[in-house]
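Hi everyone, thanks for coming. Have the sequence and the model open beside you, and let's walk through them together.

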Amino acid sequence: MPLLNTLNHTTGAVTGYDSLTDLARAFTPGTDCAYIGLVDPSRDDLTTLTGLFDLHPLAVEDSEQGHQRSKLDRYGNTYYLVLRPAVYLDDIEEIRFGETHMFVGQNFAIWLVKDALRSIDTTQRSMDAVFSSALESPAMQAYPLAFLHRVLDMLVDGYFPVIEGLENDGDEIEDALFADNSEASEISQRIYSLLNEVSDFKRAVKPVGQMLDLLMGRIRIQAETGDEHQLELLRHFRDVKDHVISVVDRVDDLRSSLENALAVNSTIVAERQNDDMKRISAWAAILVAPTVIGSIYGMNFDVMPELHWTFGYPASLLLMVAVSFGLWLVFKKKEWL
């Protein structure tokens with residue numbers, strides 16, 4: 001079942017509904033606060049929500065189309081947020097991103113999940129768990145922003161396993177850099193691929209910190225009037241912001257590490273190519289020596305005393321071997337071979 005609940009401000013009673021239509025009929029803006037969570041909402045669902053809560057058409061259009069970047073827009077007293085949850089798949093070592101849209105007003109909080117990363121049942125259970133946890137604190141239960149806080153808290157907590165998976169991939173790359181049997185081209189390709197994933201992940205995470213700054217600025221104004229509920233809410237949002245900062249810092253550190261790894265890998269490739277050129281040059285020089293000696297005695301001039309010398313042939317062979325061995329010793333000492 002989707003999350004379709006209302007909370008009565010006066011009595012504190014929570015009422016659940018079987019359909020969005022039933023909730024719309026029973027909802028009383030003056031005394032009720034609606035908490036709605038839908039997975040892949042239909043156009044009819046969005047139409048009902050727009051009429052009931054006076055959602056802005058541009059925000060509804062973005063929500064219907066999907067494929068939005070992480071952002072926070074404000075339309076009057078309504079906040080519209082696009083969030084990008086993420087999961088790390090260990091088996092293929094890749095990140096998968098989802099998309100969550102939220103509308104938060106003075107008396108409603110709407111959570112729309114598109115492209116669910118998990119099954120619909122699992123997502124809906126998560127919605128129920130978030131709603132239940134938002135009601136645990138009496139100081140927060142009357143505020144839709146408390147529900148938003150729980151969603152953001154769950155979202156940011158889900159980022160930690162992702163960054164840990166990416167950091168593990170980075171450690172594997174660093175280990176492979178100096179392995180004798182490692183292929184430089186494969187390492188370069190893996191670093192480049194991981195850098196792209198890190199960039200995509202940062203684009204999902206970084207805007208969350210900016211969203212929290214805007215939200216906390218609004219809450220702080222109300223908290224300064226002495227509202228203890230708003231002050232408590234501000235503390236909770238500040239805690240989420242600290243977690244976001246931690247994730248962003250780790251992402252930046254990982255990106256710097258990968259860029260350094262890419263530079264080191266390029267240096268290692270250049271050194272290996274230089275060593276290969278040294279070996280090729282050394283063996284070429286060793287082979288040139290007997291070739292030169294053989295070419296001299298292959299000219300067949302009449303006046304060449306060595307041609308008629310009894311020991312000329314073995315002497316020339318010995319000279320070839322001696323010169324080649326001497327060159328081999330020289331290159332070996334210089335560590336070219």
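E93 sits in the loop between β6 and β7 (94-97). When I say helix or strand, I mean DSSP runs, numbered from the N terminus: H or I over at least four residues for helices, E over at least two for strands. With a relative accessibility of 29%, E93 counts as partly exposed. On that scale, buried is under 20% relative accessible area, exposed is over 50%, and partly exposed is in between, with a 1.4 Å probe and protein chains only. The phi angle of E93 is near 55 degrees, a positive value in a residue other than glycine.

Before we go on, a word on the model. It is predicted, so local features need pLDDT of at least 70 and side-chain atom pairs count only at pLDDT 80 or more, while totals for chains, interfaces and linings use all residues. Residues are numbered from 1 along each chain as its sequence is written, and side-chain values use heavy atoms, with hydrogens and water left out.

Now please look at D40, in the loop between β3 and α2 (43-53). Phi of D40 is near 50 degrees, again positive in a residue other than glycine. D40 has 44% relative accessibility and counts as partly exposed.

Let's step back into strand β3, residues 32-39, where you will find I36. Is I36 buried or exposed? I36 is buried, because its relative accessible area is 0%. Its contacts, meaning heavy atoms within 4.5 Å, include L3, L4, L20 and L23, and also F53 and W111, leaving aside residues up to four places away in sequence. I36 and N5 lie 31 residues apart in sequence, and their C-alpha atoms are 6.4 Å apart in space.

D18 is exposed, at 62% relative accessibility.

On to the nonpolar cores. A core here is a set of buried Ala, Val, Leu, Ile, Met, Phe, Trp, Tyr and Cys residues joined through side-chain atoms within 4.5 Å. Which residues touch the most other members of the largest core? Out of its 61 residues, they are M102, F147, L152, Y159, L166, F201 and F237. Helix α5 gives this core its largest share, 15 residues. There is also a second, separate core of 20 residues, with L23, A34, L46 and F108 among them. If you click on F147, you will see that it touches L3, Y35, M102, A109, W111, V130, F131 and A134, again not counting residues up to four places away in sequence.

Next, S133, which is in helix α4, residues 120-134. S133 is buried, with 17% relative accessible area. Its side chain reaches the backbone oxygen of V130 at 2.8 Å.

Now for the pockets. Rolling a probe the size of a water molecule over the atoms shows where empty space is left. On a 1 Å grid over the protein atoms alone, using a 1.4 Å probe, a pocket is an open set of points with protein on both sides within 12 Å along at least five of seven lines, and lining residues have an atom within 4 Å of a point. The largest pocket has a volume of about 360 Å³, where volume is the space filled by probe spheres set on the points, and points are joined across faces, edges and corners. It is lined by 21 residues, and P85, L117, R118, M154 and L155 are the closest to its centre. Helix α5 supplies the largest share of that lining, six residues.

The second largest pocket has a volume of about 260 Å³. Of its 12 lining residues, G105, Q106, L145, Q222 and Q230 are the closest to the centre. Both α5 and α6 (184-223) give at least two residues to this lining.

Let's finish on Q106, in the loop between β8 (99-104) and β9. Q106 is exposed, with a relative accessible area of 59%. Q106 touches N77 and P144, not counting residues up to four places away in sequence. Q106 and Y79 are 27 residues apart in sequence and 9.6 Å apart from C-alpha to C-alpha.

Methods
A polar contact is a pair of N or O atoms within 3.5 Å; within protein, one must be able to donate a hydrogen and the other to accept it, and residues adjacent in sequence count only if both atoms are side-chain atoms.
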